[in-house]
Amino acid sequence: MTTPSPGRPQSAAGHHPPGGEPLDEVDRRTLAALVDDARITNKQLAEMVGIAPSTALMRTRSLSERGIITGYEAKVDLSAVGRSVQALISVRLRAHDRDQIDAFTSRVPQLPGVLATFHTSGAVDYLLHIAVGSTEELRDWVLDHLTTDPVVGHTETTLVFEQIPGRGPLPD
């Protein structure tokens, strides 16, 4: 899971955070190398980017301080931890009361098995990505956590057969 740095500006769709300095080619190569493997040593990073190790360390720190790198994550094989069934669950709320939305938004990410919660526009209000151990557990999860919730008006569950990761939001 990626952990954002508190109090740091988040990088938007552009090439630099608001008020921040723009990314140069070294920053872009550094980010690309870290996205490929965030566990590489500083020495390996420097070799890949073509800079001195001290420069690599300085650049990585700067990218973190500027809020461009917001965290590092461990990727877990869900099957290896007994959660081989993944699903995307579309959730439509009954009403759009601010208190209910805030309560739902703060409660759902804390539920067991939730990998991601997306607050969306359009026909559904939320899209949940969850991982559980079996289809029976998925059924029970939906019944226990969503169907019985008085705020929830409708759900639709879609099984995930395969997750194919993308490259990520690297700048051009």
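**Group meeting: a walk through the predicted model**

Okay, let's start with a handedness: helices α1 and α2 cross in the right-handed sense. Residues are numbered from 1 along each chain as its sequence is written, and side-chain values use heavy atoms, with hydrogens and water left out.

Back to the helices. α1 covers residues 25-36 and α2 covers 42-49; their axes come within 9 Å and cross at roughly 130°. Helices here are DSSP runs of H or I with at least four residues, strands are runs of E with at least two, and both are numbered from the N terminus. Axes are lines fitted to C-alpha atoms, for helices over the stretch in contact, with angles from 0 to 180 degrees between N-to-C directions. So α1 and α2 count as oblique, given that under 35 degrees is roughly parallel, over 145 roughly antiparallel, 65 to 115 roughly perpendicular and the rest oblique. Who meets whom? From α1 we have Val26, Arg29, Thr30, Ala33 and Leu34, and from α2 Leu45, Met48 and Val49, where contact means heavy atoms within 4.5 Å.

Now the sheet. Four strands make an open sheet, ordered β2-β3-β1-β4, with antiparallel pairing; two strands pair if DSSP finds at least two bridges between them. The edges are β2 and β4, each with a single partner strand, so one side of each has no neighbour in the sheet. On average, neighbouring strands are turned by 20° against each other, direction ignored.

Looking at the pairs, β1 and β3 are joined over seven bridges, antiparallel, and Val85 stands opposite Val132 in β3. β2 (residues 114-119) and β3 (residues 126-132) are also antiparallel, over five bridges, with Phe118 opposite Leu127 in β3. Those two strands form a hairpin with six residues between them, and Gly122 in the turn has a positive phi of about 100°.

What lies across β1, β2, β3 and β4? That's α5, running at about 25° to β1.

Which residues touch the most other members of the largest nonpolar core? Ile89, Val91, Leu128, Ile130 and Trp141 do, out of 20 residues in that core. A nonpolar core is a set of buried Ala, Val, Leu, Ile, Met, Phe, Trp, Tyr and Cys residues joined through side-chain atoms within 4.5 Å. Buried is under 20% relative accessible area, exposed is over 50%, and partly exposed is in between, using a 1.4 Å probe and protein chains only. β1 (85-93), α4 (98-107), β3 and α5 (135-147) each supply at least two residues, and β1 gives the largest share, five. Trp141 touches Ile89, Leu111, Pro112, Val114, Leu128, Ile130, Val132 and Leu146, leaving aside residues up to four places away in sequence. There's also a second, separate core of 14 residues, including Leu31, Ala46, Val49 and Ile69.

Phe161 sits in the segment after β4 (152-160), and at 80% relative accessibility it counts as exposed. Asp97, in the loop between β1 and α4, is partly exposed at 36% relative accessibility. Asp97 and Val151 are 54 residues apart in sequence but 9.4 Å apart in space, C-alpha to C-alpha.

Definitions and conventions. Predicted model: local features only at pLDDT ≥ 70, side-chain atom pairs only at ≥ 80, totals over all residues. Left-handed = near helix turned anticlockwise from the far one by under 90°.
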